[in-house]
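Okay, thanks for making time this morning. I'd like to walk you through one model, starting with its open spaces and then moving inside. Have a look at the screen.

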Amino acid sequence: MIALGFTLALGGSYVTGQPSTSGDTPARLVETVPGMPPVPDAANLYSETRADKLSATAAASVARVYVPNLQSNDVYVIDQATLEVVDRFRVGVNPQHVVPSWDLKTLWVTNNAEHRTAGTLTPIDPTTGKPGKAVAVDDPYNMYFTPDGRSAIVVAEALKRLDFRDPHTMTLQASLTVPKCAGINHGDFSIDGRYLIMTCEYVGRLAKIDWRGRKVLGYLKLSGGGIPQDIRISPDGKVFYVAELRAGGVHLIDGDAFKETGFIKTGIGTHGLYPSRDGSKLYVINRGSSRIGGKPHGPGSVAVIDFATRRVVTTWPIPGGGSPDMGNLSVDGKRLWLSGRYDDVVYVLDTTTGAVRQIRVGKEPHGLTVWPQPGRYSLGHTGNMR
C-alpha cells in the first residue's frame with residue numbers, strides 16, 4: 001500500500017505532515033498558526049522550494065536578478081540567461097534589499113534613506129521587471145511578511161522598531177518597539193510560525209518576538225557579543241543558524257528554548273545564509289571583513305555546511321579577493337548570485353564547482369534578489385521561501 005500525505009484543519013490551525021511508510025514510528029506533525037500554509041514535510045520545511053516547485057505566479061515573471069546599489073541609489077537588472085545588465089532605474093535613497101512579497105506578485109525595494117526621514121518602498125512588477133510608484137514609509141531597512149500573509153513587517157532599524165503594514169498598500173497596522181535590539185535587521189520564523197527571531201547587529205544579541213501578540217518575548221546575548229547578521233532556520237525547524245560577522249561563523253540557537261547550543265567556524269566576516277534547493281546544505285557567505293565596513297578584494301568566500309552533520313564540507317574563495325554579501329539561488333539551484341558589497345560587482349557561483357563569474361554593477365550593491373524562485377509564499381528578505 002502506498003502511504004499518502006495528508007492535511008487536517010483543527011480549530012483554525014493546520015496540522016500537517018507525512019505518515020510513516022514503516023508503520024512503526026509516526027511522522028512528526030506541525031501545528032501551524034491560523035492562516036499559515038501547512039508544512040508538508042516536518043523534516044524539511046524547505047521541501048516546497050525545490051527546483052520543481054515553481055508556482056504559476058512566479059513562473060509568469062521574467063528571469064532577472066535585481067541589484068539594489070546602496071550608494072548610487074539605483075537598481076541594476078541582470079538577465080539570468082546572458083549574465084548581462086539589461087536595465088537600470090533610479091529608486092529612493094539608500095536602497096538596501098529587494099524583497100519578494102508574500103503572494104509572489106511584487107518585488108519591493110527597501111529604500112531606508114539612512115540618517116534621513118525620506119524612506120520609501122519601490123514596487124517592481126516581476127512580470128515586466130519595471131518599477132512602479134514609490135510608497136513613503138519610515139526607515140525601511142529590510143522587510144518580512146507574517147506567515148499568514150496578512151502583514152508586511154517593515155524593519156525600521158534606526159528606530160529599533162517593527163512596523164506591521166498592509167502587505168499591498170503598506171498602510172500602517174501596528175508598531176512594535178524592540179528597545180534592546182539596536183541594529184535590528186534580519187529575522188526568520190519558527191517552523192510553525194509562532195515566533196520570529198531577529199538579530200540585533202549593534203549589541204550582539206537576538207530578540208524573540210511574538211508577532212501575533214505584538215510583544216517581545218525576550219533577548220539572548222550571544223557568547224562573545226559579536227555582530228550578528230542573517231539568520232535562517234534548519235530544515236527540521238530545530239535550530240536557527242545565526243551569521244556572526246566578528247567571530248567568522250554561525251551560532252546554533254535552539255529557538256524554542258532560546259539558548260545557544262554551538263558554533264561553526266566558516267570564514268572571515270560571516271554575513272548571508274541560503275539553503276540549497278534540496279534542503280541538504282547551507283551556503284554561508286563570508287564577506288571578507290570582520291567589521292561592519294569593508295574594503296575591496298578582501299578574503300571573501302562561501303562555505304558550505306551540511307545540515308545533517310553541521311560541518312563545513314567545502315569552501316569556495318572569491319578569486320582575487322572580494323566581498324560577497326547577500327543574494328540567492330537560481331530556480332535550479334545551480335547558480336548562487338551574490339552582491340559584491342565593496343567591489344561594485346555581482347558574483348555568480350557555480351554550486352557544483354565553486355567557479356565564479358563577475359558582473360559590474362552600481363556603487364555598493366547590497367541585498368539583491370533572484371527572481372523567480374520556487375516556493376508557495378515568501379517570508380521576505382531576499383527570498384526566504386517556504
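Predicted model: local features only at pLDDT ≥ 70, side-chain atom pairs only at ≥ 80, totals over all residues.

Residues are numbered from 1 along each chain as its sequence is written, and side-chain values use heavy atoms, with hydrogens and water left out.

What do I call a pocket? On a 1 Å grid over the protein atoms alone, a pocket is an open set of points with protein on both sides within 12 Å along at least five of seven lines, while a cavity is a set where a 1.4 Å probe fits but cannot get out; lining residues have an atom within 4 Å of a point. Grid points are joined across faces, edges and corners, and the volume is the space filled by probe spheres set on the points.

Back to the largest pocket: 16 residues line it, and Y141, E201, Y202, I292 and R341 lie nearest its centre. By class, that lining has five nonpolar, five polar and six charged residues. For the classes, Ala, Val, Leu, Ile, Met, Phe, Trp, Tyr, Cys and Pro are nonpolar, Asp, Glu, Lys and Arg are charged, and the others, Gly among them, are polar.

The second largest pocket holds about 150 Å³. Its lining has 13 residues, with R28, I191, G237, K238 and D256 nearest the centre, and it splits into three nonpolar, three polar and seven charged.

How many cavities of 30 Å³ or more does a search of the whole structure find? Two. The largest cavity is about 80 Å³, and its lining includes Y46, R232, Y274 and M385. Four of its lining residues are nonpolar, five polar and two charged. The second largest cavity has about 50 Å³ of space. Its lining has eight nonpolar residues, no polar ones and two charged.

On to the packing. The largest nonpolar core has 37 residues, and L162, V178, L206 and I209 touch the most other members. A core here means buried Ala, Val, Leu, Ile, Met, Phe, Trp, Tyr and Cys residues joined through side-chain atoms within 4.5 Å, and buried means under 20% relative accessible area (exposed is over 50%, partly exposed in between, with a 1.4 Å probe and protein chains only). Strand 17 gives this core its largest share, four residues. Strands are DSSP runs of E, at least two residues, and helices are runs of H or I, at least four, numbered from the N terminus. Leaving out residues up to four places away in sequence, V178 touches K160, R161, L162, I184, A207, I209, V216 and Y219, where contact means heavy atoms within 4.5 Å. Apart from that core lies another, of 14 residues, with I285, W316, I318 and L349 among them.

Strand 26 runs antiparallel to strand 25, with six bridges, and N286 stands opposite S301. Six bridges also join strand 26 to strand 27, again antiparallel; to count as paired, two strands need at least two DSSP bridges between them. V304 sits opposite T314 there, and D306 has R311 as its bridge partner. In that hairpin, with four residues between the strands, R310 takes a positive phi near 55°.

Most residues other than glycine have a negative phi, and most peptide bonds are trans. N94, in the loop between strand 6 and strand 7, has a positive phi of about 60°. H381, in the segment after strand 32, has one of about 55°, and its relative accessible area is 0%, so H381 is buried. In that segment you'll also find P372, and the peptide bond from W371 to P372 is cis, with omega near 5°.

That's my tour, so over to you.
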